[in-house]
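Hi everyone, thanks for having me. Please have a look at the picture first, and then we'll go through it together.

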Amino acid sequence: MKFLITAGPTREPIDPVRYISNRSSGKMGYAIAQAALDAGHEVVLISGPVALPAPPRAQMVRVTTADEMYDAVHANLVGIDIAVLCAAVADFKPAAFSPHKIKKKLGAPIIEWVPTRDILASLGALPEKYFRLVGFAAETEDLEKNAREKLKKKQCDVVIANDVSAPGLGFESDENELTIYLPYQSGIVLPRASKGDLAKALVKILSAMQ
Ligand code: PMT
């Protein structure tokens, strides 16, 4: 099987020295990529800027902004069986990029923000979807309610929720706890474990869904 996986944050430039981004080390997405490769699958890994080595044998596509990630995902859909969107994509970007460094002496700038394109929702809305679409939900409250809303609104087959407010889990940590939501079924809890072990369990479950 062929997996397309997104991982890491995106960075939305404000001026040549500043950007807005989301918290994400890429560890969860890279662990899923490694687990899929170890299970004998092909992997296209579309990664925002992270400090992790590329998993050997993954087809790497490196991007910086949400727009670049959107284009890279859509350019790499041919032949995939499962898309797992684990990246922490910035929801907003500055309406305009300042080509010169914004000077502090001018006072705190007022920046106009515009929404980025939602990559997961754009895949859910494809008229002919021949692959399983798996989204992530990073939540700080009402995990199940918010995950199920994403499942429906973004037309996913699966949403994997993680509580990013719990200490030592979620963003940047080596461990996580995941709950897998499918329509009309109870959530499947993968209890606290290393991201590597969770990724192995996840790949097993997702590849059995084909
Ligand atoms: O990278 P780590 O440090 O290991 O941390 C892992 C993680 C916490 C980042 C990861 O497990 C996780 O939860 N990733 C999703 C983060 C996120 O942005 O969640 P969200 O609830 O805001 O977005 C929901 C889904 O829509 C996600 O699949 C996201 O990739 C996708 N999305 C969001 C916005 C956008 N413009 N395009 C998208 O595709």
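Let's begin with the ligand. It has 29 residues around it, and the closest are Ser24, Ala87, Lys150, Asn162 and Glu172. Before I go on, please keep in mind that this is a predicted model.

So where does the ligand sit? The space it takes up is the largest pocket.

Which parts of the chain build the shell around it? Helix α1, residues 27-38, helix α3, residues 119-124, and strand β9, residues 132-139, each supply at least two residues. Of the elements, β9 gives the most, with 4 residues. If you sort the shell by class, you get 13 nonpolar, 8 polar and 8 charged residues.

Now for some individual contacts. At Ala87, a polar backbone atom is 2.6 Å from an oxygen atom of the ligand. Phe136 also uses its backbone: one of its N or O atoms there lies 2.9 Å from a ligand oxygen. With Asn162 we turn to a side chain, where an N or O atom is 2.6 Å from an oxygen atom of the ligand. And how much of the ligand does the protein cover? On its own the ligand has 780 Å² of accessible area, and the protein covers 96% of that.

Let's go back to strand β9, where you'll find Glu139. Is Glu139 buried or exposed? Its relative accessible area is 8%, and buried means under 20%, so Glu139 is buried. Its side chain has partners, too. Another is the side chain of Asn146, with a polar contact of 3.2 Å.

Finally, two residues with backbone angles worth a look. Asp142 is not a glycine, yet it has a positive phi of about 45°. You'll find Asp142 in the loop between β9 and α4, the helix at 143-153. Its relative accessibility is 47%, so Asp142 counts as partly exposed.

The other one is Tyr184, also not a glycine, with a positive phi near 60°. Tyr184 lies in the loop between β11, residues 175-181, and β12, residues 188-194. Here the relative accessibility is 87%, so Tyr184 counts as exposed.

Methods: Residues are numbered from 1 along each chain as its sequence is written. This is a predicted model: local features need pLDDT of at least 70, side-chain atom pairs count only at pLDDT 80 or more; totals for chains, interfaces and linings use all residues. Side-chain values use heavy atoms; hydrogens and water are left out. A residue is near a molecule or strand if one of its heavy atoms lies within 4 Å of it. A polar contact is a pair of N or O atoms within 3.5 Å; within protein, one must be able to donate a hydrogen and the other to accept it, and residues adjacent in sequence count only if both atoms are side-chain atoms. Accessible areas come from the Shrake-Rupley method with a 1.4 Å probe; for residues, only the protein chains shown count as cover. On a 1 Å grid over the protein atoms alone, a cavity is a set of points where a 1.4 Å probe fits but cannot get out, and a pocket is an open set with protein on both sides within 12 Å along at least five of seven lines; lining residues have an atom within 4 Å of a point. A molecule sits in a cavity or pocket if more than half of its atoms lie within 2 Å of its grid points. Ala, Val, Leu, Ile, Met, Phe, Trp, Tyr, Cys and Pro count as nonpolar, Asp, Glu, Lys and Arg as charged, and the others, Gly among them, as polar. Buried means under 20% relative accessible area, exposed over 50%, partly exposed in between (1.4 Å probe, protein chains only).
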